[in-house]
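Here is a brisk report on a pocket, a ligand site and some backbone details. Please look over the structure first.

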Amino acid sequence: MDRFDALLKEASTHIAAASSMPALNELRVTYLGKNSAIIQALAGLRNLEGEAKKEAGARVNEVRTQLDHQIRQKQEVLEAEALAAQLAREAIDVTLPARPIRQGAVHPLMQVAEEALAIFASMGFRLADGPDIEDEYHNFTALNIPETHPARQLHDTFYLQGLQYLLRTHTSPVQIRAMKAGEPPFSLVSFGRTYRSDWDATHTPMFHQIEGLVVGKDIAMAHLKGCLQEFVSRFFGVSNVPIRLRPHYFPFTEPSAELDVQCQRDGKHLKVGEGDSWMELLGCGMVHPAVLHHAGVPEGYQGFAFGMGVERLAMVKYGIGDLRAFFENDVRWLEGYGAPAQRAPAIPERR
Ligand code: PHE
(Lines give C-alpha, C1' and ligand atoms only; values in the text may rest on other atoms or scores of the structure.)
Protein backbone atom coordinates (compact mmCIF):
# COMPACT_ATOMS: atom_id res chain seq x y z
CA MET A 1 0.00 0.00 0.00
CA ASP A 2 1.32 3.46 -0.82
CA ARG A 3 -0.30 6.87 -1.07
CA PHE A 4 -1.21 6.15 -4.68
CA ASP A 5 -3.62 3.38 -3.73
CA ALA A 6 -5.87 5.86 -1.97
CA LEU A 7 -5.58 8.21 -4.94
CA LEU A 8 -6.47 5.44 -7.39
CA LYS A 9 -9.46 4.41 -5.30
CA GLU A 10 -10.79 7.97 -5.07
CA ALA A 11 -10.23 8.60 -8.79
CA SER A 12 -11.95 5.35 -9.82
CA THR A 13 -15.04 6.27 -7.82
CA HIS A 14 -15.24 9.70 -9.41
CA ILE A 15 -14.57 8.45 -12.93
CA ALA A 16 -17.23 5.77 -12.60
CA ALA A 17 -19.71 8.40 -11.42
CA ALA A 18 -18.96 10.93 -14.23
CA SER A 19 -22.14 11.33 -16.27
CA SER A 20 -20.98 13.62 -19.07
CA MET A 21 -17.95 14.45 -21.17
CA PRO A 22 -17.41 17.86 -19.52
CA ALA A 23 -17.45 16.20 -16.11
CA LEU A 24 -14.97 13.57 -17.30
CA ASN A 25 -12.70 16.23 -18.81
CA GLU A 26 -12.62 17.99 -15.45
CA LEU A 27 -11.53 14.74 -13.79
CA ARG A 28 -8.79 14.35 -16.40
CA VAL A 29 -7.46 17.78 -15.41
CA THR A 30 -7.74 16.94 -11.71
CA TYR A 31 -5.93 13.58 -11.90
CA LEU A 32 -3.61 13.93 -14.89
CA GLY A 33 -3.29 17.70 -15.37
CA LYS A 34 -0.20 19.84 -14.69
CA ASN A 35 -1.09 20.34 -11.02
CA SER A 36 -2.22 16.78 -10.34
CA ALA A 37 -0.55 14.70 -7.64
CA ILE A 38 0.73 12.22 -10.21
CA ILE A 39 2.43 14.83 -12.43
CA GLN A 40 3.88 16.49 -9.34
CA ALA A 41 5.24 13.11 -8.26
CA LEU A 42 6.74 12.60 -11.68
CA ALA A 43 8.51 15.97 -11.33
CA GLY A 44 9.71 14.98 -7.84
CA LEU A 45 11.55 11.95 -9.25
CA ARG A 46 14.45 14.15 -10.25
CA ASN A 47 15.38 14.46 -6.52
CA LEU A 48 15.79 10.67 -6.20
CA GLU A 49 18.73 8.49 -7.14
CA GLY A 50 19.44 4.96 -8.23
CA GLU A 51 17.18 2.07 -7.21
CA ALA A 52 14.78 4.33 -5.30
CA LYS A 53 14.30 6.49 -8.41
CA LYS A 54 13.72 3.46 -10.59
CA GLU A 55 11.17 1.96 -8.22
CA ALA A 56 9.27 5.17 -7.61
CA GLY A 57 9.34 5.94 -11.34
CA ALA A 58 7.83 2.59 -12.25
CA ARG A 59 5.09 3.05 -9.67
CA VAL A 60 4.19 6.57 -10.74
CA ASN A 61 4.06 5.50 -14.39
CA GLU A 62 1.93 2.53 -13.55
CA VAL A 63 -0.57 4.71 -11.66
CA ARG A 64 -0.58 7.25 -14.48
CA THR A 65 -1.26 4.55 -17.07
CA GLN A 66 -4.08 3.13 -14.98
CA LEU A 67 -5.75 6.52 -14.55
CA ASP A 68 -5.39 7.26 -18.22
CA HIS A 69 -6.85 3.89 -19.10
CA GLN A 70 -9.84 4.32 -16.81
CA ILE A 71 -10.60 7.74 -18.21
CA ARG A 72 -10.39 6.50 -21.80
CA GLN A 73 -12.67 3.60 -21.05
CA LYS A 74 -15.18 5.87 -19.42
CA GLN A 75 -15.00 8.18 -22.42
CA GLU A 76 -15.86 5.29 -24.73
CA VAL A 77 -18.85 4.42 -22.55
CA LEU A 78 -20.10 8.01 -22.50
CA GLU A 79 -19.72 8.35 -26.28
CA ALA A 80 -21.57 5.10 -26.90
CA GLU A 81 -24.38 6.27 -24.61
CA ALA A 82 -24.64 9.61 -26.41
CA LEU A 83 -24.80 7.87 -29.79
CA ALA A 84 -27.45 5.44 -28.58
CA ALA A 85 -29.52 8.33 -27.24
CA GLN A 86 -29.23 10.22 -30.53
CA LEU A 87 -30.24 7.16 -32.55
CA ALA A 88 -33.24 6.63 -30.30
CA ARG A 89 -34.21 10.27 -30.66
CA GLU A 90 -33.96 10.24 -34.45
CA ALA A 91 -35.41 6.81 -35.00
CA ILE A 92 -37.73 6.43 -38.00
CA ASP A 93 -40.35 3.74 -37.94
CA VAL A 94 -40.05 2.38 -41.45
CA THR A 95 -43.00 0.09 -40.88
CA LEU A 96 -45.46 3.06 -40.77
CA PRO A 97 -47.60 3.35 -43.91
CA ALA A 98 -46.60 6.26 -46.17
CA ARG A 99 -48.73 9.40 -46.29
CA PRO A 100 -51.00 9.31 -49.34
CA ILE A 101 -50.02 11.67 -52.18
CA ARG A 102 -53.21 13.40 -53.29
CA GLN A 103 -53.39 14.35 -56.93
CA GLY A 104 -54.96 17.73 -57.62
CA ALA A 105 -57.43 18.29 -60.44
CA VAL A 106 -58.24 21.13 -62.80
CA HIS A 107 -61.45 22.87 -61.76
CA PRO A 108 -64.19 22.09 -64.33
CA LEU A 109 -64.65 25.81 -65.00
CA MET A 110 -61.01 26.28 -65.96
CA GLN A 111 -61.08 23.07 -67.95
CA VAL A 112 -64.09 24.26 -69.94
CA ALA A 113 -62.61 27.73 -70.47
CA GLU A 114 -59.41 26.17 -71.79
CA GLU A 115 -61.34 23.88 -74.12
CA ALA A 116 -63.38 26.78 -75.49
CA LEU A 117 -60.40 29.13 -75.85
CA ALA A 118 -58.37 26.43 -77.60
CA ILE A 119 -61.15 26.07 -80.18
CA PHE A 120 -61.25 29.81 -80.78
CA ALA A 121 -57.44 29.96 -80.91
CA SER A 122 -57.40 27.30 -83.62
CA MET A 123 -59.90 29.42 -85.57
CA GLY A 124 -57.47 32.35 -85.54
CA PHE A 125 -58.71 34.33 -82.53
CA ARG A 126 -56.17 36.02 -80.27
CA LEU A 127 -56.50 36.50 -76.52
CA ALA A 128 -57.35 39.96 -75.16
CA ASP A 129 -57.63 41.07 -71.56
CA GLY A 130 -59.18 43.79 -69.44
CA PRO A 131 -59.52 44.74 -65.77
CA ASP A 132 -62.15 43.32 -63.40
CA ILE A 133 -62.54 46.82 -61.93
CA GLU A 134 -63.94 48.94 -64.71
CA ASP A 135 -65.25 52.45 -65.15
CA GLU A 136 -68.77 53.28 -66.26
CA TYR A 137 -67.49 54.45 -69.60
CA HIS A 138 -66.05 51.12 -70.69
CA ASN A 139 -68.68 48.94 -69.00
CA PHE A 140 -71.71 50.96 -70.17
CA THR A 141 -71.35 54.24 -72.04
CA ALA A 142 -69.01 53.10 -74.81
CA LEU A 143 -71.19 50.01 -75.23
CA ASN A 144 -74.11 52.24 -76.14
CA ILE A 145 -75.76 52.03 -72.73
CA PRO A 146 -76.33 55.69 -71.77
CA GLU A 147 -76.81 56.74 -68.16
CA THR A 148 -80.58 56.79 -68.34
CA HIS A 149 -80.77 53.42 -70.08
CA PRO A 150 -82.72 50.75 -68.16
CA ALA A 151 -80.03 48.18 -68.99
CA ARG A 152 -77.80 49.80 -66.36
CA GLN A 153 -80.31 48.80 -63.71
CA LEU A 154 -80.82 45.35 -65.25
CA HIS A 155 -77.18 44.52 -64.67
CA ASP A 156 -77.38 44.67 -60.84
CA THR A 157 -74.04 46.38 -60.81
CA PHE A 158 -71.64 46.37 -57.85
CA TYR A 159 -70.41 49.96 -57.59
CA LEU A 160 -67.26 50.77 -55.63
CA GLN A 161 -68.41 53.16 -52.94
CA GLY A 162 -67.61 56.81 -53.55
CA LEU A 163 -65.58 56.03 -56.66
CA GLN A 164 -66.16 56.22 -60.37
CA TYR A 165 -65.50 52.48 -60.60
CA LEU A 166 -67.53 49.28 -60.63
CA LEU A 167 -66.98 45.54 -60.96
CA ARG A 168 -67.48 44.77 -64.63
CA THR A 169 -70.89 43.20 -65.26
CA HIS A 170 -69.74 41.50 -68.47
CA THR A 171 -66.56 41.02 -70.53
CA SER A 172 -67.82 43.34 -73.29
CA PRO A 173 -65.71 46.31 -72.05
CA VAL A 174 -62.68 44.30 -73.26
CA GLN A 175 -64.01 44.87 -76.80
CA ILE A 176 -63.74 48.63 -76.31
CA ARG A 177 -60.26 48.51 -74.77
CA ALA A 178 -58.93 46.19 -77.49
CA MET A 179 -60.39 48.22 -80.35
CA LYS A 180 -59.09 51.50 -78.89
CA ALA A 181 -55.61 50.00 -78.46
CA GLY A 182 -55.24 48.56 -81.96
CA GLU A 183 -56.08 48.89 -85.61
CA PRO A 184 -58.76 46.82 -87.37
CA PRO A 185 -59.21 44.10 -88.45
CA PHE A 186 -59.75 42.38 -85.08
CA SER A 187 -60.50 38.83 -84.11
CA LEU A 188 -60.13 38.31 -80.40
CA VAL A 189 -61.51 36.40 -77.47
CA SER A 190 -61.40 37.27 -73.82
CA PHE A 191 -62.01 35.19 -70.73
CA GLY A 192 -62.48 36.44 -67.20
CA ARG A 193 -64.52 37.10 -64.11
CA THR A 194 -67.68 39.15 -64.18
CA TYR A 195 -69.90 40.34 -61.33
CA ARG A 196 -73.56 40.96 -60.68
CA SER A 197 -75.44 41.28 -57.42
CA ASP A 198 -77.40 38.04 -57.69
CA TRP A 199 -77.44 34.80 -55.68
CA ASP A 200 -79.60 31.74 -56.31
CA ALA A 201 -79.40 28.31 -57.94
CA THR A 202 -78.70 29.83 -61.36
CA HIS A 203 -76.88 33.05 -60.39
CA THR A 204 -73.72 33.72 -58.41
CA PRO A 205 -72.38 37.22 -57.69
CA MET A 206 -69.16 36.28 -59.48
CA PHE A 207 -69.18 34.24 -62.66
CA HIS A 208 -67.08 33.90 -65.80
CA GLN A 209 -67.61 34.95 -69.38
CA ILE A 210 -65.93 34.38 -72.71
CA GLU A 211 -66.29 37.23 -75.15
CA GLY A 212 -65.56 37.19 -78.85
CA LEU A 213 -65.16 40.04 -81.31
CA VAL A 214 -64.51 40.04 -85.05
CA VAL A 215 -64.22 43.34 -86.90
CA GLY A 216 -63.28 43.70 -90.55
CA LYS A 217 -64.52 44.81 -93.92
CA ASP A 218 -67.62 43.01 -95.19
CA ILE A 219 -68.28 41.08 -91.99
CA ALA A 220 -71.87 39.90 -91.96
CA MET A 221 -74.31 37.98 -89.78
CA ALA A 222 -73.50 34.86 -91.85
CA HIS A 223 -69.92 34.95 -90.50
CA LEU A 224 -71.28 35.13 -86.97
CA LYS A 225 -73.51 32.15 -87.54
CA GLY A 226 -70.79 30.10 -89.23
CA CYS A 227 -68.26 30.87 -86.52
CA LEU A 228 -70.62 29.93 -83.70
CA GLN A 229 -71.86 26.82 -85.53
CA GLU A 230 -68.27 25.64 -85.75
CA PHE A 231 -67.55 26.47 -82.12
CA VAL A 232 -70.65 24.80 -80.70
CA SER A 233 -70.15 21.64 -82.80
CA ARG A 234 -66.55 21.27 -81.71
CA PHE A 235 -67.22 22.16 -78.09
CA PHE A 236 -69.95 19.54 -77.70
CA GLY A 237 -68.25 17.07 -80.02
CA VAL A 238 -71.34 16.72 -82.22
CA SER A 239 -70.90 17.57 -85.87
CA ASN A 240 -73.33 20.22 -87.12
CA VAL A 241 -75.31 20.58 -83.91
CA PRO A 242 -78.60 22.22 -84.88
CA ILE A 243 -78.51 25.83 -83.66
CA ARG A 244 -80.93 28.68 -83.97
CA LEU A 245 -80.49 32.42 -83.68
CA ARG A 246 -83.47 33.84 -81.81
CA PRO A 247 -83.98 37.62 -82.06
CA HIS A 248 -83.05 39.41 -78.86
CA TYR A 249 -82.00 42.82 -77.65
CA PHE A 250 -78.59 44.07 -76.51
CA PRO A 251 -77.78 47.80 -76.63
CA PHE A 252 -74.33 47.11 -78.09
CA THR A 253 -75.37 44.92 -81.00
CA GLU A 254 -77.85 45.45 -83.81
CA PRO A 255 -79.34 43.13 -84.82
CA SER A 256 -78.99 41.03 -81.66
CA ALA A 257 -79.75 37.39 -81.06
CA GLU A 258 -79.52 34.63 -78.56
CA LEU A 259 -78.10 31.37 -79.78
CA ASP A 260 -79.93 28.20 -78.83
CA VAL A 261 -78.67 24.63 -79.30
CA GLN A 262 -80.91 21.68 -79.89
CA CYS A 263 -81.09 19.30 -76.99
CA GLN A 264 -83.01 16.51 -75.38
CA ARG A 265 -84.08 16.86 -71.77
CA ASP A 266 -85.04 13.77 -69.92
CA GLY A 267 -85.37 14.41 -66.23
CA LYS A 268 -82.04 15.71 -65.01
CA HIS A 269 -80.15 14.64 -68.12
CA LEU A 270 -79.55 16.84 -71.07
CA LYS A 271 -78.20 15.68 -74.40
CA VAL A 272 -76.96 18.25 -76.87
CA GLY A 273 -77.58 17.71 -80.58
CA GLU A 274 -80.72 15.62 -80.45
CA GLY A 275 -84.33 15.84 -79.31
CA ASP A 276 -86.86 18.61 -79.76
CA SER A 277 -85.91 21.10 -77.03
CA TRP A 278 -83.81 24.21 -77.40
CA MET A 279 -81.46 25.60 -74.84
CA GLU A 280 -80.12 29.13 -74.71
CA LEU A 281 -76.33 29.21 -74.78
CA LEU A 282 -75.07 32.72 -75.50
CA GLY A 283 -75.80 36.26 -76.63
CA CYS A 284 -74.51 37.72 -79.89
CA GLY A 285 -75.09 40.20 -82.69
CA MET A 286 -73.56 42.64 -85.13
CA VAL A 287 -71.55 45.29 -83.28
CA HIS A 288 -73.64 48.47 -83.04
CA PRO A 289 -72.18 51.32 -85.16
CA ALA A 290 -72.21 53.56 -82.07
CA VAL A 291 -69.89 51.08 -80.31
CA LEU A 292 -67.46 51.04 -83.25
CA HIS A 293 -67.58 54.84 -83.22
CA HIS A 294 -66.82 55.06 -79.45
CA ALA A 295 -63.91 52.67 -79.94
CA GLY A 296 -62.43 54.74 -82.75
CA VAL A 297 -62.93 52.20 -85.54
CA PRO A 298 -63.00 54.04 -88.89
CA GLU A 299 -65.98 54.03 -91.26
CA GLY A 300 -66.27 51.03 -93.54
CA TYR A 301 -65.81 48.37 -90.89
CA GLN A 302 -68.40 46.08 -89.39
CA GLY A 303 -68.15 43.28 -86.92
CA PHE A 304 -69.88 40.72 -84.82
CA ALA A 305 -69.57 39.92 -81.14
CA PHE A 306 -70.72 37.23 -78.78
CA GLY A 307 -70.60 36.62 -75.04
CA MET A 308 -71.23 33.47 -73.08
CA GLY A 309 -71.27 32.30 -69.48
CA VAL A 310 -68.57 29.73 -68.79
CA GLU A 311 -70.48 28.18 -65.87
CA ARG A 312 -73.39 27.59 -68.20
CA LEU A 313 -71.13 25.90 -70.77
CA ALA A 314 -69.74 23.65 -68.05
CA MET A 315 -73.17 22.81 -66.63
CA VAL A 316 -74.48 21.82 -70.03
CA LYS A 317 -71.41 19.87 -71.11
CA TYR A 318 -70.89 17.98 -67.85
CA GLY A 319 -74.46 17.82 -66.56
CA ILE A 320 -73.77 19.86 -63.43
CA GLY A 321 -77.06 20.80 -61.77
CA ASP A 322 -76.37 23.61 -59.32
CA LEU A 323 -74.26 26.61 -60.24
CA ARG A 324 -73.26 27.21 -56.64
CA ALA A 325 -71.31 23.93 -56.55
CA PHE A 326 -68.63 25.60 -58.67
CA PHE A 327 -67.65 27.88 -55.82
CA GLU A 328 -68.19 25.76 -52.72
CA ASN A 329 -64.79 24.07 -53.06
CA ASP A 330 -66.06 20.72 -51.83
CA VAL A 331 -63.06 18.46 -52.45
CA ARG A 332 -65.26 15.42 -53.16
CA TRP A 333 -67.10 17.39 -55.86
CA LEU A 334 -63.85 18.64 -57.35
CA GLU A 335 -62.46 15.10 -57.42
CA GLY A 336 -65.57 13.96 -59.25
CA TYR A 337 -65.82 16.73 -61.84
CA GLY A 338 -62.22 17.95 -62.00
CA ALA A 339 -60.07 17.02 -64.97
CA PRO A 340 -56.67 15.42 -64.52
CA ALA A 341 -53.93 18.04 -64.55
CA GLN A 342 -52.30 18.54 -67.90
CA ARG A 343 -50.46 21.32 -69.61
CA ALA A 344 -52.78 24.06 -70.73
CA PRO A 345 -52.99 24.48 -74.50
CA ALA A 346 -50.92 27.41 -75.65
CA ILE A 347 -53.12 30.31 -76.68
CA PRO A 348 -51.19 33.07 -78.40
CA GLU A 349 -51.43 36.50 -76.77
CA ARG A 350 -52.53 39.47 -78.77
CA ARG A 351 -49.47 41.55 -79.62
N1 PHE B 1 -72.45 41.16 -72.77
C2 PHE B 1 -73.62 40.37 -72.97
C3 PHE B 1 -74.09 39.81 -71.64
O4 PHE B 1 -73.33 39.82 -70.69
C5 PHE B 1 -73.39 39.22 -73.89
C6 PHE B 1 -73.09 39.67 -75.31
C7 PHE B 1 -71.78 39.91 -75.69
C8 PHE B 1 -74.10 39.89 -76.22
C9 PHE B 1 -71.51 40.34 -76.98
C10 PHE B 1 -73.85 40.30 -77.49
C11 PHE B 1 -72.55 40.53 -77.89
O12 PHE B 1 -75.20 39.37 -71.48
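Strand E10 (277-287) gives the most to the lining of the largest pocket, with 6 residues. Helices (H or I, at least four residues) and strands (E, at least two) are DSSP runs, numbered from the N terminus. This is a predicted model, in which local features need pLDDT of at least 70 and side-chain atom pairs count only at pLDDT 80 or more, while totals for chains, interfaces and linings use all residues. Residues are numbered from 1 along each chain as its sequence is written, and side-chain values use heavy atoms, with hydrogens and water left out.

**The largest pocket**

The largest pocket holds about 1400 Å³ of space. A pocket is an open set of points on a 1 Å grid over the protein atoms alone, where a 1.4 Å probe fits, with protein on both sides within 12 Å along at least five of seven lines. Lining residues have an atom within 4 Å of a point. Grid points are joined across faces, edges and corners, and the volume is the space filled by probe spheres set on the points.

The lining has 49 residues. His203, Glu280, Leu281, Gly309 and Arg312 lie nearest the centre of the pocket. Several elements supply at least two lining residues each, among them helix H7 (150-154), strand E6 (206-216), strand E8 (253-266) and helix H11 (310-318). By type, the lining divides into 21 nonpolar, 17 polar and 11 charged residues. Here Ala, Val, Leu, Ile, Met, Phe, Trp, Tyr, Cys and Pro count as nonpolar, Asp, Glu, Lys and Arg as charged, and the others, Gly among them, as polar.

**The ligand site**

Around the ligand there are 14 residues, and His170, Ser172, Arg196, Gln209 and Gly307 come nearest.

The protein covers 91% of the 330 Å² of accessible area that the ligand has on its own. Accessible areas come from the Shrake-Rupley method with a 1.4 Å probe.

His170 sits in the loop between strand E4 (165-167) and helix H8 (173-181). His170 is buried, at 3% relative accessible area. Buried means under 20%, exposed over 50%, and partly exposed in between. A polar side-chain atom of His170 also lies 3.1 Å from the backbone oxygen of Asn139.

Ser172 lies in the loop between E4 and H8. Ser172 is buried, with a relative accessible area of 3%. Its side chain makes a polar contact of 2.8 Å with the side chain of Glu211; within protein, one atom must be able to donate a hydrogen and the other to accept it.

**Backbone details**

Gly285, in strand E10, is buried at 0% relative accessible area. Its C-alpha atom is 5.0 Å from that of Thr253, 32 residues apart along the chain.

Asp218 is not a glycine, yet has a positive phi of about 60°. Asp218 is exposed, at 63% relative accessibility. Asn329, also not a glycine, has a positive phi of about 55° and is exposed at 53%.

Notes: Buried < 20%, exposed > 50% of the residue type's maximum accessible area, 1.4 Å probe, protein only. Polar contact = N/O pair within 3.5 Å; in protein donor to acceptor, adjacent residues only side chain to side chain. Near = heavy atom within 4 Å.
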